[in-house]
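Please read the following alongside the sequence and the 3D view.

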Amino acid sequence: MADTKAKKEKIPRHAMPEQDPDIRKRNFLEVPTGYTVEAAMQEAGRCLQCKKPSCVEGCPVQVDIPGFIALIREGDFNGAVRNLWTKNSLPAVCGRVCPQEIQCEGKCIVGKKDDPVAIGNLERFAADYARMNPTGELPPKQKSTGKKVAVVGSGPSGLTVAGDLIVKGHEVTVMEAFHKPGGVLVYGIPEFRLPKEIVFSEVAFLEKLGVKVECNAVVGRTVSLDELFEEGYDAVYIGVGAGLPRFMNIPGENLIGILSANEYLTRANLMKAYLFPEVDTPIPRGKNVVVLGAGNVAMDSARTAMRLGADSVKIVYRRSRDEMPARKAEIHHAEEEGIEMMLLTNPTKYIGNENGRLTGMECLKMELGEPDASGRRRPVPIEGSEFNIDTDLVIVAVGSGANPLLTQTTKDMQLNDWGYIIADPETGKTTKRGVWAGGDIVTGAATVILAMGAGRKAADSIHQYLSWGW
Amino acid sequence: MFKIVKREEMAEGTVVLNEIEAPLIAKKAKPGQFVILKANETGERIPLTMADTDPDKGTITIIYMVVGKSTALFKTLETGDEYQDVIGPLGKPTHMEKVGKVVCVGGGTGIAVLHPITRGLKQAGNQVTSIIGARSKDLLIMEDAMKAASHELHVCTDDGSYGRKGFVTNVLKEILDREKIDLVVGIGPVPMMKFVSAMTKEYGVKTIVSLNPIMVDGTGMCGGCRVTIGGETKFACVDGPEFDGHQVDYDELMNRLQAYCEDEKECYDSFCTMNA
Ligand SMILES: Cc1cc2nc3c(=O)[nH]c(=O)nc-3n(C[C@H](O)[C@H](O)[C@H](O)COP(=O)(O)OP(=O)(O)OC[C@H]3O[C@@H](n4cnc5c(N)ncnc54)[C@H](O)[C@@H]3O)c2cc1C
Ligand SMILES: Cc1cc2nc3c(=O)[nH]c(=O)nc-3n(C[C@H](O)[C@H](O)[C@H](O)COP(=O)(O)OP(=O)(O)OC[C@H]3O[C@@H](n4cnc5c(N)ncnc54)[C@H](O)[C@@H]3O)c2cc1C
Ligand code: SF4
Ligand code: SF4
Ligand code: FES
């Protein structure tokens with residue numbers, strides 16, 4: 001037993017095959033190309049099948065990691081996916097975008113001495129296999145309850161609620177403000193990291209199960225929350241995300257050439273503006289691009305700008321490398337693609353020409369001071385360290401807030417000081433009867449898997465309510 | 001899918017009217033609100049104000065000027081054809097109340113936007129005088145509708161081919177000199193709104209304008225539509241599109257409207273200088 005364990009640890013982690021950086025930095029095809037069957041089975045063999053798997057503790061939705069990996073090792077890929085689905089309805093997405101290094105893989109025991117088991121890559125493999133080799137099998141649906149549920153927002157949390165409730169026999173309608181469903185998965189995360197076809201096939205699957213998806217429905221405008229109840233819905237789930245762009249509020253911010261990451265990525269992803277003029281929506285193509293911020297949104301913006309033909313792309317971030325919130329894999333990918341990191345740097349004003357177009361940005365150098373409330377060392381400006389950067393396109397990716405469009409038209413639902421909806425963390429119940437909320441509109445900008453986890457808990461609670469009452 | 005049930009060309013084909021089936025929007029819309037339309041899969045999202053709505057029939061009416069690729073594409077849609085997406089109603093409705101004497105000033109396709117507001121202000125019990133203008137007689141739209149919506153109507157053309165020769169602001173000045181006006185609503189090309197606001201400011205008359213910055217979502221999530229109002233940044237799609245005319249930074253708006261001019265030229269042999 002000890003013998004086989006030692007042998008297993010010697011197999012190195014199977015590297016994910018990827019497009020070459022010099023080629024991929026100018027195209028929008030997916031960067032990692034996926035494991036082969038052999039690679040997946042071999043990588044699955046590295047898992048020690050722990051009795052008390054610490055990896056599972058690291059996963060916000062407690063995926064049965066040793067379980068699905070054992071099925072991959074045995075070659076039962078459809079079984080692996082069925083196992084995944086019991087906890088996670090979007091494994092093809094999570095395998096690609098979860099910050100595994102701080103979640104499941106960060107807790108994997110193999111990672112103590114060696115590289116951890118590639119849980120994300122395996123999850124992706126199983127889900128892709130099932131999508132490419134469909135069995136046509138649908139999950140069993142309980143008999144109709146005659147209850148109607150409206151899900152507002154078609155991001156990962158809304159889709160999870162829809163999927164869970166439709167199989168429990170309820171009638172589910174998803175309402176989405178945009179003309180396409182998927183939330184951030186479609187308008188925010190770029191094609192080269194998450195092909196849109198995957199998201200659309202997940203939505204198509206839900207539709208096959210009977211979920212109705214209504215796009216172009218801006219709840220709060222086209223229809224109000226209270227009107228949904230008048231129309232006969234028995235419960236409403238709100239998963240509208242944290243889509244309000246934050247700006248820096250420094251002089252010159254309204255010059256031409258300064259866009260929120262939301263606008264830039266929406267043009268690029270949802271509107272497919274990278275194909276302009278084959279599609280009608282334009283997108284600014286900067287020569288010297290600066291991206292403010294260092295989260296996933298910033299990395300996605302920077303890598304998009306590179307693919308749109310920039311000569312140089314810089315990430316400008318006021319803290320140091322250790323505090324960059326993006327997934328490690330994406331920081332690494334960005335650097336491989338030639339994106340520069342200007343750390344401990346903070347912009348102070350934008351500079352424009354006589355036509356009102358951006359030409360540059362003034363910045364200050366920072367140094368790390370005492371730890372702040374978040375426990376991270378606070379960046380403090382170094383006096384007299386002003387310097388200019390030439391730039392014709394700045395993308396502001398310094399965070400987002402709660403969009404008040406829906407909440408300000410729903411008077412009897414309590415919000416916190418930042419405008420996020422107050423919901424019970426265990427059930428997702430809001431202070432308004434019959435209304436649940438979850439995902440980014442409750443927690444503030446977080447992750448796909450947390451939004452899905454919140455959706456699952458709310459779906460359980462909604463099901464209870466529809467069966468037994470509030 | 002949103003079907004066009006009626007289509008008309010005006011102003012020598014430079015302006016087109018579409019009545020579109022959109023029952024949910026028709027039921028909800030109020031004067032001053034707009035919709036975003038997308039013609040087909042590869043189309044752009046284009047904001048247009050509703051010039052009219054018929055909740056019983058379930059239709060909305062838009063009137064647009066053909067200025068670039070997307071509006072040229074819209075022009076190719078015939079009665080019976082469909083828009084892939086229509087989203088709305090968006091923006092805040094016009095605040096309609098009885099204030100007394102109101103002057104409504106409209107230029108170009110702004111007249112289409114102004115019309116339901118004029119009608120609403122008259123219904124609210126105001127004494128409404130309207131002034132509409134165009135470059136020449138053939139480009140003037142909705143004269144009859146505006147006449148019906150107001151107590152008194154003045155028409156101007158830049159070249160004198162119809163009505164009074166000159167700009168709408170000339171007539172506005174005469175009225176302001178003659179009597180005490182309680183509210184002015186000015187909707188048209190940005191320079192027109194700028195001049196109207198500058199004039200009414202001198203007379204201390206409250207003025208409302210409707211702004212048309214470039215938009216993407218229309219729901220407050222992109223910030224592309226930001227405008228400066230009294231030194232503060234606002235999102236026109238959710239905070240507007242109507243604002244206090246005396247607070248608007250028009251030069252910034254005119255400038256920001258030029259953001260994609262070069263690209264749009266690539267897409268369509270363009271009319272970019274139109275708004276300049
Ligand atoms: C660019 C980018 C990259 C990211 N990368 C990662 C990553 O790598 N890994 C990760 O785990 N997380 C990542 N995230 C975060 C993650 O995407 C979000 O935490 C997650 O999508 C939140 O899900 P949600 O369902 O709460 O809302 P969203 O995905 O935001 O979906 C909300 C939906 O509701 C719709 N909506 C809003 N208002 C209304 C209304 N009034 N009526 C109807 N519909 C409405 C919106 O249009 C949207 O489609 C990223 C986010 C961004 C923006
Ligand atoms: C709230 C709102 C209400 C509007 N209502 C009307 C209306 O009732 N009738 C009407 O004729 N026009 C209206 N407009 C303007 C209309 O949206 C633009 O004329 C249209 O988007 C031009 O698209 P295009 O592709 O044909 O032209 P483009 O080639 O894109 O551009 C031509 C010109 O239009 C301007 N423009 C481009 N895109 C936009 C955009 N998304 N929003 C505003 N201007 C833009 C450009 O600055 C340029 O000068 C409104 C705009 C807004 C924001
Ligand atoms: S859902 Fe995310 S955190 Fe959980 S096992 Fe899968 S990749 Fe890891
Ligand atoms: S901790 Fe690592 S080795 Fe153990 S079960 Fe989880 S993935 Fe396998
Ligand atoms: S159009 Fe995007 S915020 Fe107004």
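K28(B) and E227(A) form a salt bridge through their side chains, 2.8 Å from N to O; the term covers a side-chain nitrogen of Lys or Arg within 4 Å of a carboxyl oxygen of Asp or Glu. Three salt bridges are found across the interface of chain A and chain B. The model is predicted, so local features need pLDDT of at least 70 and side-chain atom pairs pLDDT 80 or more, while totals for chains, interfaces and linings use all residues. Residues are numbered from 1 along each chain as its sequence is written, chains are lettered from A in the order in which they are written, and side-chain values use heavy atoms, without hydrogens and water.

In this interface, 42 residues of chain A are in contact with 45 residues of chain B, contact being heavy atoms within 4.5 Å. The two chains bury about 3500 Å² between them, 52% of it on carbon and sulfur atoms; this is the accessible area (1.4 Å probe) lost on putting the two parts together, summed over both. R221(A), N254(A) and D280(A) supply 23% of the area that chain A buries against chain B, more than any other three residues.

Within chain B, strand β3 (residues 34-38; strands are DSSP E runs of at least two residues) has five of its five residues buried, that is, under 20% relative accessible area (1.4 Å probe, protein chains only). F34(B), I36(B) and K38(B) lie on one side, V35(B) and L37(B) on the other. β3(B) pairs in the antiparallel sense with β4 (residues 46-54) over four bridges, where pairing takes at least two DSSP bridges. There F34(B) stands opposite T49(B). β3(B) also pairs with β7 (residues 85-90), antiparallel over four bridges, with V86(B) as the bridge partner of L37(B).

Note on methods:
Buried < 20%, exposed > 50% of the residue type's maximum accessible area, 1.4 Å probe, protein only.
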